[in-house]
Amino acid sequence: MNGPANLAQPQSASVLPSQFEALCHSPQLLPGENIDQYYALQAAIFRDLAPQSAIEWLFAIDIAELSWEMQRYRVLRHRLLNTYRQKAIEMTLRRVDFAGIAPEFQDIAEIYTINNALDWQMDASAALDIEARLRAYGFDQHAISMEVYVQAREILVLFDSLLNGAQLRRLMLLKEVPNLRRSKMADHVPVPGLKRSVNGRQISLKRSCR
């Protein structure tokens, strides 16, 4: 994910009806997150689900919150991969620069390698030179990306777990909304054999069979 999607026009507040505001806490956003984008995502989900009762609004609020969490995880995972790319450049430079170097010069070479990786991160011109040198030794962008995933494999497992967990909870809630509505409809359908009161008298609702 390269960046947050523009889901709607910026908004300054939730579209939650006033009678249900007590069900929804203020957004707990991280530094750098945009509250207008949060409310835009929330409003889009509220429009699709069109909740009516308090329980349906609780489901809709949780679904919107989980959707925002999933977007957050994807953004953070993307930034994490960019962070690990510097580490991958450092590891690849070490393979190139340490080849055949005498043991007594390895400490100095290590310092140069770390500095070069930092220059790659901070200086666009230096980055082009370093990448060109790595390509000359057969390490193209695909090879560097592979090294990124090797370096970040453990933390990526964590993000996959977070994403999968949020996705599963969201799917469960999405199924509960129509289930709740079907249950309400069933409660209003007369059942043969039940009795109801009409003008103070109990009458049977049994259906005659012919």
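How many aromatic pairs does the structure hold? In this predicted model, the structure holds three aromatic pairs.

**View 1. The aromatic pair of Tyr 38 and Tyr 39.** The ring centres of Tyr 38 and Tyr 39 are 5.7 Å apart. Their planes stand at 75 degrees, so this pair is edge-to-face; the cut-off for that class is over 60 degrees. Tyr 38 and Tyr 39 are both buried.

**View 2. The aromatic pair of Tyr 38 and Trp 68.** The pair is edge-to-face, with 5.3 Å from centre to centre and 75 degrees between the planes. Tyr 38 belongs to helix H1 (residues 35-49) and Trp 68 to helix H2 (residues 54-97), so the pair ties together parts that are 30 residues apart in sequence. Tyr 38 is buried, as is Trp 68.

**View 3. The aromatic cluster.** Tyr 38, Tyr 39 and Trp 68 make up one aromatic cluster.

**View 4. The packing of helices H2 and H4.** The axes of H2 and helix H4 (residues 124-136) are 11 Å apart and meet at an angle of about 50 degrees. H2 and H4 are therefore oblique to each other. Their crossing is left-handed.

**View 5. The residues in the contact of H2 with H4.** H2 contributes Ile 89, Thr 92, Leu 93, Val 96 and Asp 97. From H4 come Ile 130, Arg 133 and Leu 134. By class, the residues of this contact are five nonpolar, one polar and two charged.

Methods: Residues numbered from 1 in each chain as written. Predicted model: local features only at pLDDT ≥ 70, side-chain atom pairs only at ≥ 80, totals over all residues. Heavy atoms only, no water. Phe/Tyr/Trp six-rings, centres within 6.5 Å; stacked < 30°, edge-to-face > 60°. Buried < 20%, exposed > 50% of the residue type's maximum accessible area, 1.4 Å probe, protein only. Helix = DSSP H or I, 4+ residues; strand = E, 2+ residues; numbered from the N terminus. Axes fitted to C-alpha atoms, helices over the stretch in contact; angles between N-to-C directions. Parallel < 35°, antiparallel > 145°, perpendicular 65-115°, else oblique. Left-handed = near helix turned anticlockwise from the far one by under 90°. Contact = heavy atoms within 4.5 Å. Nonpolar A, V, L, I, M, F, W, Y, C, P; charged D, E, K, R; others polar.
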